[in-house]
Amino acid sequence: MATVIVAQKASNFPYGVTALIAALNNPAVAKVEYKNVATVGENNAVVSLTANGTTLTTVSSIIRYVLRSHKNTLYGSDPASASLIDDFIDKSQDIVNTSDFKSLDIIFQQLNHHLTLRSFFVGYKITAADIALWGALKANAIFSRQLKTGKDLGVYIGRWFNHISAQAFVDAALAELAKANDSTKVAKTDQGSFDINLIGAEMGKVVTRFPPEPSGYLHIGHAKAALLNKYFADQYKGRLIVRFDDTNPSKEKVEYEHSIKEDLLLIGIDSSVVTYTSDYFDTIYNYAIQLIKEGKAYADTTGQEQMRAERMDGIASQCRDLSVEENLRRFEEMKNATEFGQTCCLRAKISVDNPNKALRDPVIYRCNLIPHGRTGDKWKMYPLYDLACPIVDSLEGVTHALRTDEYHDRNPQYQWFLDNLGLRQVHIWEYSRLNFIYTLLSKRKLTWFVDQGRVSGWDDPRFPTIRGIHRRGLTMEALKTYILMQGASTNYITLEWDKLWAVNRKQIDPIAPRHTAVEALNKVKVTVSGADVYDLKEVPRHKKNETLGNKQTAYGPTIWMDQADCKELEINEEVTFMDWGNAFIRSVEKNSEGIVTGVQAELHLEGDFKKTKKKLTWLADGPELVKVDLMDYDYLITKKKIEEDDDLKDLLTPVTEFKTEGIADGNVADLNKGDIIQFERKGYYIVDAVATSDKPARLILIPDGKVASMASKAAPVSQTEVKDAKDAKKQKKEKGAAPAAAPAVSGKKAKAAAHAAASKPAPSWTGPGPKPEEIVELEAKIDAQGLKVRQLKTDKADADQVKEAVDELLNLKKQLPIRIEALLALAVAASAAAENFSL
């Protein structure tokens, strides 16, 4: 028996080999073993077989070996037919080894011609020739595309391919491949697992905590922290403590506390009973005294900048070796907020030069004269989070402190306080912080946007706050589902928004009533002959969900349609008016600027809607129509991930709010704020404000997770421009001048958002004369690679394999404008030379 090793991530998968072995169905001769790799053996082989000390690594040689090792009819019944089969096996490898469009087209036409009067390539039944050729074509992205579209492909080869694909042995081979892929699948990079083996967890005894600071609104990162803590508390039938870490009266407001409670309730966390760090101020103070008396803390008068420098350089403070008595005296002055006391801070005496800078004598108490929201002016100094957190965690019975990995360096500090204060131990578990592209989660930076008036408030639809994304149409059930999909992973990744909104789409689509809207700008009046007089009829609000009830839809001889739809109409074309029936377009009137000003249509309700290409939305002209403002938004910044040396002001998206005025069906007047609907062919919307007598209804477009809705609408800034801007700013700073702004990023509302870079069309030849052969070949390669990328995505191939293919496509597209520019320059030079010569 021979074992055939197959690389299941291979770009040119050896379908012919696996299908042949499935057809023979004899494990005594050969069996397939899948490897989760792109190549096996040497020379980037995708398949390998070793027998009698010899290793075969080509598809054709392995097919022949398997055929000759087993008595069968797949290799023909005589030497002549066997020779013909060999020829076609070789031809199959020509397909595998060719990516040129022209060459492949010749091969496809030859194969199609051969099958003109034949059902199979050799003889009257399936042979290895059919299997080898089928396998090569199955792996070819160009063939797959042509087969799918029906373009440029002969009818005979298409019929034959589908017949082979329907064979039981092909189904068996593909099923084994799918099984192998499933067995090697791992969680996607933006999905995690809860299988983390929570140390020391006992059923019924686990206590977790969520300790927000009441100094801002909760964002999506806080939601992850809260939901993870609730998840583990519920899993172990324990409890979750919601605790306000109110140790900084300078930043805290009752407004924030109320908003946090409301947001927690939104995501399903009961915050009716909470605790406060301020409840433990007396206890924390006593523990600080204990540290001082044991020589483990000291009061320092070093200035902030000098202290920062000394900590960075591993230099001991001049106050580090003060006596216990002096430190107690100074701490008392801090407590009383004397003039001298206000110059002091209390530092834990841990280390001067530990490689982990978080352990270099951290500050644990500071003076603050602002009255506290709960304790008033009792205290003039307050413990910092690093001291308060481990103490209160231990005292409140917390068994497991879940902390984001940004606290990694401070975890030893947490442990030091537990150990040196003799407190009950708490287990720490790290998980990755939630980071999204084009998104700021820094409370300080979000506050800047609010203070500068760049957003309407903390619930602005452009904000990543819980109430911001909720206002934009994200259901809290979708948010919880998505957060739990991430698991408790420690992998640091920057997530795309697409999957979150895709989860949301799946949840709202079955329950979102269907409505119709038409853009007001240049809307087109369409006269429909054969239509009855204006009338209202009752139709389902959602064709697939009868529980949503019915709505009133108006029909009449005059309807309104979008300008964009009317521009695409052709005379005498049959179209479908959605929820009405078919109609013929009899005339289309346009003004001198090409704007459609009127359309004449004739109803043809007997027509088959399945045969029309255009399914169009419309609104009957009548008194029930409602004015609407349709809102859409862009990301607040133009860069996916902000670096440390980036200036936020250089990355601001110029325009982030877009309004489209329109009209909608009369049922929209009955909607309430927060209702989610779908305007057919436009997208999902959430009602932000209901219509009044003098104001239109305001609805916000809900992203659906698809590429077009998730792409940044702002024009990208090239890396060269970014680098030039940074260099210019650096030079100006060195000269003492004000920093130069980065180049302005032009932004505008496109009819549809830009596609991802790999989907952008490549530039084309605009020079004189025919297109150069070099450009033709490069464009062919781009087309072939594009087909390959789409095929991989359709087949749900491994993410690394897709990324590799996309990178190659982008590289080819990058080469094209360079070559076009170079050849254009040559063409211009040649033209100039010819002109001079003629003169």
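## Nonpolar cores

The largest nonpolar core has 62 residues, and those with the most contacts inside it are Phe121 and Trp160. A nonpolar core here is a set of buried Ala, Val, Leu, Ile, Met, Phe, Trp, Tyr and Cys residues joined through side-chain atoms within 4.5 Å. Buried means under 20% relative accessible area, exposed means over 50%, and partly exposed lies in between (1.4 Å probe, protein chains only). Helix 5 (residues 128–138) gives the most to this core, with eight residues. Helices (H or I, at least four residues) and strands (E, at least two) are DSSP runs, numbered from the N terminus.

Apart from neighbours within four places in sequence, Trp160 is in contact with Leu115, Ser119, Phe121, Asp130, Leu133, Trp134 and Leu137; contact means heavy atoms within 4.5 Å. A second, separate core of 49 residues includes Leu218, Ile260, Ile267 and Met710.

The model is predicted: local features need pLDDT of at least 70, side-chain atom pairs count only at pLDDT 80 or more, and totals for chains, interfaces and linings use all residues. Residues are numbered from 1 along each chain as its sequence is written, and side-chain values use heavy atoms, with hydrogens and water left out.

## Aromatic pairs and charges over rings

A search of the whole structure finds 30 aromatic pairs. Rings of Phe, Tyr and Trp (its six-membered ring) pair if their centres lie within 6.5 Å; planes under 30 degrees apart count as stacked, over 60 as edge-to-face and the rest as tilted. Tyr231 and Phe232 form an edge-to-face pair, 5.3 Å centre to centre with 85° between the planes. Tyr231 counts as partly exposed because its relative accessibility is 22%, whereas Phe232, at 2%, counts as buried. The pair of Trp580 and Trp618 is tilted, because the ring centres are 4.8 Å apart and the planes stand at 45°. This pair links distant parts of the chain, 38 residues apart: Trp580 is in the loop between strand 22 (574–577) and strand 23 (581–590), and Trp618 in the loop between strand 25 (615–616) and strand 26 (619–620). Trp618 has 6% relative accessibility and so counts as buried.

One aromatic cluster includes Tyr15, Phe121, Trp134 and Trp160. The charged end of Lys138 sits over the ring of Tyr15, 5.7 Å from its centre. The criterion is NZ of Lys or CZ of Arg within 6 Å of the ring centre and within 35 degrees of the ring normal. Arg374 likewise has its charged end over the ring of Tyr276, 3.8 Å from the centre.

Four strands form an open sheet in the order 2-1-3-4, with mixed pairing; two strands pair if DSSP finds at least two bridges between them. Strand 2 (30–35) and strand 4 (54–56) stand at the edges with a single partner strand each, so one side of each has no neighbour in the sheet. Strand 1 (residues 2–7) and strand 3 (residues 47–51) pair in the antiparallel sense over three bridges, and Val6 stands opposite Val47 in strand 3.

Helix 1 (residues 15–24) lies across strand 1, strand 2 and strand 3, running at about 140° to strand 2. Axes are lines fitted to C-alpha atoms, for helices over the stretch in contact, and angles run from 0 to 180 degrees between N-to-C directions. Ala2 is placed in strand 1 and, at 2% relative accessibility, counts as buried. Among the contacts of Ala2 beyond four places in sequence are Val29, Leu49 and Tyr65.
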